[in-house]
Amino acid sequence: QRMIVGVMENMEESIYRFNTVLGINAKTEKRYNRCMKKFFGGSGKEKINSHSHPKIEKGHAAWDYLAKKNQLDIELYEMVLELFEQQTDLIDSYARAPLS
């Protein structure tokens with residue numbers, strides 16, 4: 001069983017990790033480059049989340065309200081960030097493994 005996490009703040013790396021674990025890359029999947037270009041651009045212009053959201057800083061009244069209402073979501077997000085960092089070596093081992 002596998003559980004690989006990704007984060008929106010690092011979407012391209014997240015997609016790379018998912019593809020690596022699933023054995024999808026430019027050598028094994030003809031649609032790979034087309035898909036990556038579609039979602040991340042190929043003209044030197046990086047694509048971003050299509051829904052813009054205002055940035056609210058910690059300490060702002062809105063932040064405090066949302067944090068209080070969504071404490072478990074915040075804890076889950078922080079856990080995912082830790083897992084994302086911890087999985088770097090695991091992903092590297094998949095990248096080095098021969099394709100079967």
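In this predicted model, Trp 63 counts as partly exposed because its relative accessibility is 30%, a value that lies between the limits of 20% for buried and 50% for exposed. Trp 63 is found in helix α3, which covers residues 61-69. Together with Ile 56, Tyr 65 and Leu 66, Trp 63 makes a nonpolar surface patch of about 380 Å².

**Overall architecture**
- The protein chain contains five helices and zero strands, and its pattern along the sequence reads α-α-α-α-α.
- The protein chain has 100 residues, of which 16% count as buried.
- Its accessible surface amounts to about 8600 Å², and carbon and sulfur atoms account for 56% of that surface.
- When contacts between residues at least 6 apart in sequence are considered, 61% of them join residues at least 24 apart.

**Confidence of the prediction**
- The mean pLDDT of the protein chain is 83, and 84% of the residues reach 70 or more.
- Among the elements, helix α4 (residues 71-86) has the highest mean pLDDT, at 96, whereas helix α2 (residues 32-40) has the lowest, at 73.

- Which side chains meet in a salt bridge? They are those of Glu 13 and Arg 17, with a distance of 2.9 Å from N to O.
- The count of salt bridges comes to one.
- Side chains of opposite charge can pair when their charged atoms come close.
- Both residues belong to helix α1 (residues 11-22), where Glu 13 and Arg 17 are four residues apart, or about one turn of the helix.
- Is Arg 17 buried or exposed? Arg 17 is buried, because its relative accessible area is 4% and the limit for buried is under 20%.
- Glu 13, by contrast, counts as partly exposed, with a relative accessibility of 27%.

**The surroundings of Gln 87**
- Gln 87 is located in the loop between α4 and α5, the latter covering residues 88-96.
- Gln 87 has a relative accessibility of 7% and therefore counts as buried.
- The side chain of Gln 87 reaches the backbone nitrogen of Val 5 at a distance of 3.1 Å.
- Leaving aside residues up to four places away in sequence, Gln 87 touches Met 3, Ile 4, Val 5 and Arg 17.

Conventions: Residues are numbered from 1 along each chain as its sequence is written. This is a predicted model: local features need pLDDT of at least 70, side-chain atom pairs count only at pLDDT 80 or more; totals for chains, interfaces and linings use all residues. Side-chain values use heavy atoms; hydrogens and water are left out. Helices (H or I, at least four residues) and strands (E, at least two) are DSSP runs, numbered from the N terminus. Buried means under 20% relative accessible area, exposed over 50%, partly exposed in between (1.4 Å probe, protein chains only). Contact means heavy atoms within 4.5 Å. Accessible areas come from the Shrake-Rupley method with a 1.4 Å probe; for residues, only the protein chains shown count as cover. Patches are made of residues with over 30% relative accessible area and no salt bridge: like charges are joined within 9 Å, nonpolar side chains (Val, Leu, Ile, Met, Phe, Trp, Tyr) within 5 Å. A salt bridge is a side-chain nitrogen of Lys or Arg within 4 Å of a carboxyl oxygen of Asp or Glu. pLDDT is the predictor's confidence in each residue, from 0 to 100. A polar contact is a pair of N or O atoms within 3.5 Å; within protein, one must be able to donate a hydrogen and the other to accept it, and residues adjacent in sequence count only if both atoms are side-chain atoms.
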